[in-house]
Structures are given as structure tokens and as C-alpha cells.
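Please keep the sequence and the coordinates in view while reading.

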Amino acid sequence: MKELIRTYLNLLQNSRRFLKQSCQIEVVLHLNDKMHQHKIDVRNEQLKQAEQLRICEGLAAIEVIYQGTQLKAYHAFDISDHRYLPKYFVGWMGNQKVDKDYFISHLEPELRKIAKPCLNCVIFPGLFV
């Protein structure tokens with residue numbers, strides 16, 4: 001869980017650093033603890049608090065909203081024995097549901113549009129501006 005959350009915290013940090021103020025990425029983590037029958041939703045910097053949770057069985061979903069674009073990603077995981085196993089990925093481009101490869105291929109052009117002007121820097125892995 002810690003690695004997963006750290007990845008998305010790094011994504012948020014890159015968003016704050018390299019994207020225009022009005023076009024920040026928003027990350028929402030939805031957790032469903034089957035053992036204790038709890039549902040937990042945290043967003044953005046609150047993800048740090050979720051690192052301490054010890055969910056044995058349940059579901060997790062991470063929603064990433066790319067403000068200033070029509071892009072939205074939804075990545076779901078099964079939680080079993082404290083392990084997060086990828087379940088599925090759905091990307092949205094406006095009202096159109098797309099698969100992971102199609103979504104990723106359209107992510108770079110959209111990020112270029114909302115990036116702050118910088119000289120020779122890497123915004124996200126594989127995206128050099």
C-alpha cells in the first residue's frame with residue numbers, strides 16, 4: 001500500500017510543480033474494508049494518512065482527474081492478505097470509456113497543453129518538454 005500511495009503522492013507533487021495552477025491533477029483513493037465494513041475516501045495530500053491503514057481484505061480504487069482536460073483514470077485493486085492486486089483500469093476521455101493503452105497514448109498531448117512553460121525538463125516519465 002505504501003508504494004502505491006507514494007507513487008500517487010509523487011504524481012501530485014509533479015502536478016504542482018509542472019502543471020498550470022488551474023490544471024492540477026486530483027487523486028482520490030476509495031477504500032472498502034470488508035473485514036470491518038468501512039468505506040474510506042481520501043483525496044490529494046490526505047493520501048499520506050491512508051499509508052498507515054492495515055486493510056486485510058477489501059477493495060481499493062484510485063481515481064485520477066486531470067483538471068483542464070477531459071481525461072479521467074480509474075484503477076481498481078483487490079486487497080487480499082494486505083496485498084493490492086490490480087483488478088482493472090478504465091480511462092475516460094469525456095464521455096468515452098477507453099482502455100489503458102489508448103488512454104496512455106492520448107495522455108501526452110493533453111499534458112503538453114496544460115504544462116507550465118519550462119526549459120528542458122521531464123514532467124512525467126517519458127514526457128520531455
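In sorting residues by class, Ala, Val, Leu, Ile, Met, Phe, Trp, Tyr, Cys and Pro count as nonpolar, Asp, Glu, Lys and Arg as charged, and the others, Gly among them, as polar. By that scheme, the lining of the second largest pocket has nine nonpolar, two polar and three charged residues. Of the 14 residues that line this pocket, His30, Asn32, Leu59, Ala61 and Tyr74 lie nearest its centre, and the space inside comes to about 160 Å³. At least two lining residues are supplied by each of strand 1 (25–33), strand 2 (38–43), strand 3 (57–66), strand 4 (71–80) and strand 5 (83–93).

The model is predicted, and the protein chain averages a pLDDT of 87, with 91% of the residues scoring at least 70. Confidence is highest in strand 6 (residues 96–98), at a mean of 95, and lowest in strand 8 (residues 127–128), at 50. Where pLDDT is low, the predicted coordinates should not be read in detail.

Helix 3 covers residues 100–114, and its 15 residues should span 21 Å at 1.5 Å a residue, which agrees with the 21 Å between its end C-alpha atoms. Even so, helix 3 bends by about 30 degrees at Leu107, and a proline, Pro109, follows within four residues. Leu107 is also buried, as are Phe103, Leu111 and Ile114 in this helix. Tyr102, also found in helix 3, has a relative accessible area of 36% and is therefore partly exposed, since that value falls between the limits of 20% for buried and 50% for exposed. The C-alpha atom of Tyr102 is separated by 32 Å from that of Gln49, 53 residues apart along the chain.

Definitions and conventions. Residues are numbered from 1 along each chain as its sequence is written. This is a predicted model: local features need pLDDT of at least 70, side-chain atom pairs count only at pLDDT 80 or more; totals for chains, interfaces and linings use all residues. Side-chain values use heavy atoms; hydrogens and water are left out. Buried means under 20% relative accessible area, exposed over 50%, partly exposed in between (1.4 Å probe, protein chains only). On a 1 Å grid over the protein atoms alone, a cavity is a set of points where a 1.4 Å probe fits but cannot get out, and a pocket is an open set with protein on both sides within 12 Å along at least five of seven lines; lining residues have an atom within 4 Å of a point. Grid points are joined across faces, edges and corners, and a volume is the space filled by probe spheres set on the points. pLDDT is the predictor's confidence in each residue, from 0 to 100. The expected span of a helix is 1.5 Å times one less than its number of residues. The bend at a residue is the angle between axes fitted to the seven residues ending there and the seven starting there.
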